[in-house]
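Welcome, and please take a moment to look over the chain shown here. The paragraphs after it walk you through the model one region at a time.

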Amino acid sequence: MKKLTLLAMVLLLVSSFCLPAAAAQKFEAASGTAKIDGVMDDAYLAAPVIKIENYLKGSAKTKGTARVLWDSKNLYIFYDITDPALSTTVDPSTSYIYKSDSVEFFVDLASAPGKLTDINAGQWTAYAPIAKANVGTWGGLGKHQTANKANASYAAKVTEKGWTVEMQIPFGADYSPKAGAVISVVFHINSDEDGAGGRDYEIFAGDAAGQEKAWSSTENYDKLTLTSAKYTAPVKQEPTVSPATADAGVLAALASAVSAGAAVILSKKRK
């Protein structure tokens with residue numbers, strides 16, 4: 001009996017190592033450039049909505065979406081977060097931005113997965129528009145983040161349903177973007193669900209369990225394709241006049257002219 005129990009445990013352990021990893025999600029970015037102000041530009045309308053609703057543990061009311069643009073120099077990421085309670089307190093150290101309401105964007109521009117500190121990859125962490133927080137200060141790590149932080153920026157805004165964060169992240173000197181290229185990414189929200197400070201939930205667009213250690217290794221990142229899709233403003237249509245309406249207008253004008261002429265003739269006769 002003991003041998004059977006031991007064998008069962010061994011088989012269970014072996015099978016756990018053989019479980020397939022969750023498939024990477026596939027997302028798309030549109031071509032375009034955005035103004036970094038926390039307000040969604042029309043250019044983002046060409047980019048598909050990326051849902052961020054996968055909780056690491058449990059579930060909460062906080063969730064969000066992201067859209068991504070790219071041009072020859074930068075990535076632009078627009079986060080739109082639904083959040084019932086915005087953080088009002090923050091950790092004084094910028095190293096712990098993730099302990100308050102915040103968003104994170106992870107990017108790997110290297111040819112193979114690895115540690116963020118060893119390859120061209122970075123973790124970019126940005127505050128929500130928290131009271132008394134130094135919004136605009138970056139958190140995160142990685143070779144890509146360290147090399148490009150001085151030229152990166154973000155803005156955050158409070159909305160009726162929560163808040164937004166808009167990022168501009170340079171590709172950097174070591175990567176040349178082009179349409180059709182695929183890069184590795186993670187979209188992540190840190191939620192202070194009660195607004196009292198501290199991180200209560202982590203929410204991902206991809207596999208939450210696999211991306212919990214996204215700050216350490218890029219192995220389980222999702223895929224983002226840089227497409228050539230681009231927003232085109234709708235053409236304003238001039239109001240059209242139907243033939244019947246046009247004819248009625250002409251007849252009305254003629255009638256008015258005839259009436260005016262008759263009035264003049266009558267006036268002359270009276271004289």
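A residue is called buried when its relative accessible area is under 20%, exposed when that value is over 50%, and partly exposed in between. Glycine 195 has a relative accessibility of 8%, and therefore counts as buried. You can find glycine 195 in the loop between strand 11 (182-191) and strand 12 (201-204). Which residues does glycine 195 contact, leaving aside its neighbours within four places in sequence? They are Ala85, Leu86, Ser87, Thr88 and Thr89. Take leucine 86 from that list: 109 residues separate leucine 86 and glycine 195 in sequence, yet their C-alpha atoms are 5.1 Å apart in space.

Now step back to the whole chain. Please keep in mind that this is a predicted model. The average pLDDT of the chain is 85, and 79% of the residues score at least 70. Two stretches call for some care. Over residues 1-19 the pLDDT stays under 50, and the model shows 0 contacts beyond four places in sequence for them.

The chain holds 4 helices and 13 strands. Of its 271 residues, 40% are buried.

Glycine 114 sits in the loop between strand 6 (102-108) and strand 7 (121-127). Is glycine 114 buried or exposed? Its relative accessibility is 18%, so glycine 114 counts as buried, the cut-off being under 20%. Setting aside neighbours within four places in sequence, glycine 114 is in contact with Ile119, Ser216, Ser217 and Thr218. Glutamate 219 lies 105 residues from glycine 114 in sequence, and the C-alpha to C-alpha distance between the two is 6.6 Å.

Next, look at the interior. In soluble globular proteins, nonpolar side chains tend to be buried together. Here the largest nonpolar core has 42 residues, and those with the most contacts inside it are Leu75, Tyr79, Phe105, Met167 and Phe187. Another core lies apart from it and has 10 residues, including Ala34, Ile36, Leu69 and Tyr76.

Phe27, Tyr79, Phe105 and Phe187 form one aromatic cluster. Across the whole structure, a search finds 10 aromatic pairs. One of them joins tryptophan 138 and tyrosine 154, with 4.9 Å from centre to centre and 65 degrees between the planes, an edge-to-face arrangement. Tryptophan 138 belongs to the loop between strand 7 and strand 8 (139-141), while tyrosine 154 is in strand 9 (residues 153-158), so the pair ties together parts 16 residues apart in sequence. Both partners are buried: tryptophan 138 has a relative accessible area of 9%, and tyrosine 154 has one of 8%.

Tyrosine 127 counts as buried, at 3% relative accessibility. Elsewhere, a charged residue meets a ring: lysine 99 lies over the face of tyrosine 96, at 4.6 Å from the ring centre.

Finally, turn to the charged pairs. How many salt bridges does a search of the whole structure find? The search gives 2. In one of them, the side chains of lysine 161 and aspartate 80 meet, with an N to O distance of 3.5 Å. This pair links distant parts of the chain, 81 residues apart: lysine 161 is in the loop between strand 9 and strand 10 (162-170), and aspartate 80 is in strand 5 (residues 74-82). Lysine 161 is partly exposed, with a relative accessible area of 43%. Another salt bridge is formed by glutamate 202 and arginine 199, whose closest N and O atoms are 3.5 Å apart. Glutamate 202 is buried, with a relative accessible area of 13%, whereas arginine 199 counts as partly exposed at 33% relative accessibility.

Terms used: Residues numbered from 1 in each chain as written. Predicted model: local features only at pLDDT ≥ 70, side-chain atom pairs only at ≥ 80, totals over all residues. Heavy atoms only, no water. Helix = DSSP H or I, 4+ residues; strand = E, 2+ residues; numbered from the N terminus. Buried < 20%, exposed > 50% of the residue type's maximum accessible area, 1.4 Å probe, protein only. Contact = heavy atoms within 4.5 Å. Core = buried A, V, L, I, M, F, W, Y, C linked by side-chain atoms within 4.5 Å. Phe/Tyr/Trp six-rings, centres within 6.5 Å; stacked < 30°, edge-to-face > 60°. Lys NZ or Arg CZ within 6 Å of the ring centre and 35° of its normal. pLDDT = per-residue confidence, 0-100. Salt bridge = Lys/Arg side-chain N within 4 Å of Asp/Glu carboxyl O.
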